[in-house]
Amino acid sequence: MSFRDSNVVIIETGRTTVRAGLGLHDLIKTPSVETLARVGLRRNASGEHLNKSQQPIAPGKDVLRKTTGNSSRVSTLPQHSELNASVNDYLVGSALDEAIAAGQDVSISWPFADGDVRDWTQAEAIWYAGVFFAKLCYLTIHRKYLLFNQLQRRRVQNESPVILSIFPGLSRSTYERICQIFFERFNSAGLAIIERPVVQMYAANSLNGVVVDIDEEKTDITPISDGTTLHHPRTTIPIGIRDCQNYLAHLLKSNQSVVSTLSPPENPMDPETLHSTLVEFVKQLCYEGHVKIPSDGETAVVEDDGVTDIAAIVMAGKEKAVIESGMKKKANAKASAAEQARAREIEALDLLTVQFREHSLTVGKERHRLCEPLFNPRLLNGVPGSSSPMLNASPRLPLQEAVAIAVGQTDVDLRQSLWAGLFVTGNLTRHVKGIGIALQSRVAPFVVTPELQTEVQPRYVRVLNLPEYYPEYRDTGNGLACFLGSSITAKIIFNDSGGRNYVSKADYSARGPHSIIEMSPALL
């Protein structure tokens, strides 16, 4: 059977972020729900966890989960498993944000931070409370459930099939548990599970390449061949967005103008508060698009002799930038000689003045050094707040070396197609442009293998980006590639009358949770 496009639910599950949307449209929409992949339990003065009725949960069941496996994939984000807690006891999304803002004592856990499922009740709380029900609509009194409140789905009459993008390399038992949750707890009409790197590559209009997914703490590197994840060379390095933000905040401490404005001598901040304040300032610089790494490779729109390619500008969605550029040129033409000289000085120094917490702060080119730790992790030595390698762990590899090692572990005849599809994604790429070009220049020395002079010898590295013909995604960089790819895949899967790539209710009734194994390409 096939489903109505308007009923399809898309859920993207990342290490630290979950996104969701309802319905497939002719112009594919960006996610309508985006929430941090964390849950919280309130605590009383005695440190006991409280349920939704503000009563203590049965004692002695708060367990700090120990994770085994590849230490590079293990997160330092907190995780506490309260075995007697129910889904409804957990705070998720805006409810958790409000509790933290109100100063309540809340125990926070990140159930997906390891690239796996740390706690099933917490995972269900996020999918159920964070994705299906809460932020899309505030018509219901309780904004708690994401699938049903946010996306206005009714569990009793749920006609929505779900496509869930999740981490690669999960076990069959994990797939079966997910299948059981979505059919028995959410009463989904259908379920398809697909791996994140695969749909990210689909979004870039390719079936072959290397996906570099930069998250808060970790960066996952996954080679993809013919639309299939190559699991053996897949790797993770313990460097992420948080390390980059801490590094730039550390550099800004040498900017006396910024420091003296935020922490005046007559009322100085303590070092920890100053650092956290600078981190918030760095986040603002990123979110407002003021940071570009040096080798961003972007070129401005060229206007020679008043001739402008209007069609190209409209197709690229750059009308606003061109209009602002023209107005700036007219203003400069009317400025005095002194004002023009000052404007040239500011441009040469790349000075930028922004408003931050009622202060005007001026920064220079140092802001473009944000991503340096990705390519040289040793710069993080001594930087407050950056994640430290675990005991007995190997030194952190630079991103370019980790990518080269991952590709080098694949079959020789695949490497040419892999290097022709370098795709950098993750939340950082939504706001910081040019990371792919910077990585391209750094992996170039690893591409050519002198002893391999054959027709399969890689000759170049090609950087992929989301195509320009998705207008809703033009201003999102590559950061929403997983959601876009999931939407594209859902259009194909749920319009297939044969139903060969998803589990229907009839399939689940006949074969139970095991039915997902036969319907998931990643497991076959």
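This is a predicted model: local features need pLDDT of at least 70, side-chain atom pairs count only at pLDDT 80 or more; totals for chains, interfaces and linings use all residues.
Which residues form one aromatic cluster here?

Okay, the answer. The cluster brings together Phe 112, Trp 127, Tyr 128, Phe 167, Phe 182 and Phe 186. Searching the whole structure for aromatic pairs turns up nine.

Let's zoom in on one of them, Tyr 128 with Phe 186. The ring centres sit 5.3 Å apart and the planes are at 20°, so we call this pair stacked; the cut-off for that is planes under 30 degrees apart. Now, where do the two residues come from? Tyr 128 belongs to helix α2, residues 120-131, while Phe 186 is in the loop between α3 (172-185) and β10 (190-195), so the pair ties together parts that are 58 residues apart in sequence. And are they buried or exposed? Both Tyr 128 and Phe 186 are buried.

Another ring to look at is Phe 375. Arg 442 lies over its face, 4.1 Å from the ring centre.

Helix α4 covers residues 196-203 and helix α15 covers 481-493; their axes come within 7 Å and cross at roughly 85°. That angle makes α4 roughly perpendicular to α15, because anything from 65 to 115 degrees counts that way.

Who's touching whom? On the α4 side you've got Arg 196, Val 199, Gln 200, Tyr 202 and Ala 203. From α15 come Ala 481, Cys 482, Leu 484, Gly 485, Ser 486, Ile 488 and Thr 489. Sort the residues of this contact by class and you get seven nonpolar, four polar and one charged.

Methods: Residues are numbered from 1 along each chain as its sequence is written. Side-chain values use heavy atoms; hydrogens and water are left out. Axes are lines fitted to C-alpha atoms, for helices over the stretch in contact, and angles run from 0 to 180 degrees between N-to-C directions. Helices (H or I, at least four residues) and strands (E, at least two) are DSSP runs, numbered from the N terminus. Angles under 35 degrees count as roughly parallel, over 145 as roughly antiparallel, 65 to 115 as roughly perpendicular and the rest as oblique. Contact means heavy atoms within 4.5 Å. Ala, Val, Leu, Ile, Met, Phe, Trp, Tyr, Cys and Pro count as nonpolar, Asp, Glu, Lys and Arg as charged, and the others, Gly among them, as polar. Rings of Phe, Tyr and Trp (its six-membered ring) pair if their centres lie within 6.5 Å; planes under 30 degrees apart count as stacked, over 60 as edge-to-face and the rest as tilted. Buried means under 20% relative accessible area, exposed over 50%, partly exposed in between (1.4 Å probe, protein chains only). A charge sits over a ring if NZ of Lys or CZ of Arg is within 6 Å of the ring centre and within 35 degrees of the ring normal.
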